[in-house]
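Let's take a walk through a protein chain together, one piece at a time. Keep the picture beside you and find each part as we come to it.

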Amino acid sequence: QVQLVDSGGGLVQPGGSLRLSCAASGSIVSIYAMGWYRQAPGKQRELVARSTSGNRINYADSVKGRFTISRDNAKNTVYLQMNSLKAEDTAVYYCNADIETTLRRREDYWGQGTQVTVSS
């Protein structure tokens with residue numbers, strides 16, 4: 001009933017920038033939080049940035065000052081602007097959203113993931 005479609009990944013050189021987008025659609029009543037996680041090969045999935053409906057934002061320490069999360073609530077979309085990218089940012093990035101549907105169920109939803117590769 002709910003779909004998250006994330007996009008914007010790609011190959012970029014160290015020091016470069018990328019902007020990820022994630023749009024939620026379907027039987028949505030409320031979106032309580034939207035954010036981004038990432039998973040590098042051989043590592044656990046980790047939080048990158050998260051924005052709640054109360055405008056509280058959390059960043060992983062490793063991306064503070066380089067990444068910026070923003071939301072367009074009218075479009076049910078979340079963005080991740082990534083600047084000064086480093087090789088260690090290479091991972092699959094997943095959009096996540098805490099959503100209440102028209103069935104009055106509140107669940108976590110995930111996008112399909114978008115690959116970000118930082119390499120010269």
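**A walk through the model**

In this predicted model, four strands build an open sheet, and their order across the sheet is S1-S3-S8-S7, with antiparallel pairing. Look at the two outer strands, S1 (2–7) and S7 (67–72): each has a single partner strand, so one side of each is left without a neighbour in the sheet. From one strand to the next, the twist averages 15°.

Now move to the middle of the order. Strand S3 covers residues 18–26 and strand S8 covers residues 77–82, and the two pair in the antiparallel sense over six bridges.

Cys22 sits in strand S3 and Cys95 in strand S9, so the pair links distant parts of the chain, 73 residues apart. The angle about the S-S bond is -80°, and the link of Cys22 and Cys95 is left-handed. Are these two cysteines buried or exposed? Both Cys22 and Cys95 are buried.

Next, let's look at the nonpolar residues. The largest nonpolar core has 30 residues, and those with the most contacts inside it are Trp36, Leu80, Met82, Tyr93 and Ile99. Several elements give two or more residues to this core, among them S1, S3, strand S4 (28–39), strand S5 (46–52) and strand S11 (114–118). Which element gives the most? That is S9, with five residues. Tyr93 shows how many parts of the chain can meet at one residue: leaving aside neighbours within four places in sequence, Tyr93 is in contact with residues including Asp6, Leu20, Trp36, Val48, Phe67, Leu80, Met82 and Val116.

Let's follow S9 onwards to strand S10. These two strands pair in the antiparallel sense over five bridges, and Ile99 stands opposite Glu107 in S10. Their hairpin has four residues between the strands, and there Arg104 takes a positive phi near 60°. Thr102 is also found in the loop between S9 (91–101) and S10 (106–110). With a relative accessible area of 47%, Thr102 is partly exposed. Beyond residues up to four places away in sequence, Thr102 touches Ser27 and Val29.

Our last stop is a meeting of rings. A pair of aromatic rings is described by the distance of the centres and the angle of the planes. The structure holds one aromatic pair. The ring centres of Tyr37 and Trp110 are 5.1 Å apart and the planes stand at 65°, which is over 60, so the pair is edge-to-face. Because Tyr37 lies in strand S4 and Trp110 in strand S10, the pair ties together parts that are 73 residues apart in sequence. Trp110 itself is partly exposed, with a relative accessible area of 38%.

Methods
Residues numbered from 1 in each chain as written. Predicted model: local features only at pLDDT ≥ 70, side-chain atom pairs only at ≥ 80, totals over all residues. Heavy atoms only, no water. Pairing = 2+ DSSP bridges. Axes fitted to C-alpha atoms, helices over the stretch in contact; angles between N-to-C directions. Buried < 20%, exposed > 50% of the residue type's maximum accessible area, 1.4 Å probe, protein only. Contact = heavy atoms within 4.5 Å. Disulfide = S-S within 2.5 Å. Core = buried A, V, L, I, M, F, W, Y, C linked by side-chain atoms within 4.5 Å. Phe/Tyr/Trp six-rings, centres within 6.5 Å; stacked < 30°, edge-to-face > 60°.
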